[in-house]
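Subject: A structure for you to look at

Hello,

I am handing over a structure that I have been looking through. Please open it and keep it beside you while you read my notes.

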Amino acid sequence: MKDVMDFLSAALPWICIGLLLAIFFARSARKKKDDKNKKNYGPEGMALGMCFGVAIGTSLGNNTGIGLSLGMLAGLVIGSCIEKKKTDD
C-alpha cells in the first residue's frame, strides 16, 4: 500500500497538469471558432483555485504541489463554466 501512495504522490501532480493543459488548449481552440465576444472566468478561476488548493493542501497535511495542481484544475473547470456578462465597451 505504501508503494501505491508513493506512486500517487509522485504522479498525481503530473496527471493534473496534463489534464489542465488539455482542457486549456481544447477551450482555446474552441474559442477561436466561436464568437470572439464570449469570455469566461477561466484565468481568474485558476488563480483562485491555486490559492485555495495550497491552503487546503497544507492544512490537511498533504503535499503542497498536489493541492496546487488540483486547485488549479478545479478553478479552471469552474471558471470556464461561468461566462462573463457582455458589456457595451
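Predicted model: local features only at pLDDT ≥ 70, side-chain atom pairs only at ≥ 80, totals over all residues.

Let's begin with α1, which covers residues 2-33. L8 is found in this helix.

Next comes α2, residues 42-59. At 1.5 Å a residue, the 18 residues of α2 should span 26 Å, and the end C-alpha atoms are 25 Å apart, which agrees. Which residues of α2 are buried? They are G42, G45, G49, G53 and G57. These residues cover an arc of only 80° around the axis, so they lie on the same side of α2. What do they pack against? The buried residues of α2 pack against α3.

The face of α2 turned away from its buried side carries the exposed residues P43, L48, C51, F52 and S59. Take F52 as an example: its relative accessible area is 54%, so F52 is exposed. F52 and L68 are 16 residues apart in sequence, while their C-alpha atoms are 8.0 Å apart in space. After α2 comes G61, whose phi is positive, near 85°.

That leaves α3, residues 64-81. The same kind of check can be made here: at 1.5 Å a residue, its 18 residues should span 26 Å, and the end C-alpha atoms are 26 Å apart, which agrees. The buried residues of α3 are I66, G67, S69, G71, M72, L73, G75, L76, G79 and S80.

Have a look at S69 in α3. Its relative accessibility is 8%, so S69 counts as buried. Which residues does S69 touch, leaving aside those up to four places away in sequence? The answer is P13 and C16.

Best wishes

Definitions and conventions: Residues numbered from 1 in each chain as written. Heavy atoms only, no water. Helix = DSSP H or I, 4+ residues; strand = E, 2+ residues; numbered from the N terminus. Buried < 20%, exposed > 50% of the residue type's maximum accessible area, 1.4 Å probe, protein only. Expected span 1.5 Å × (residues − 1). Contact = heavy atoms within 4.5 Å. Arc of directions from axis to C-beta.
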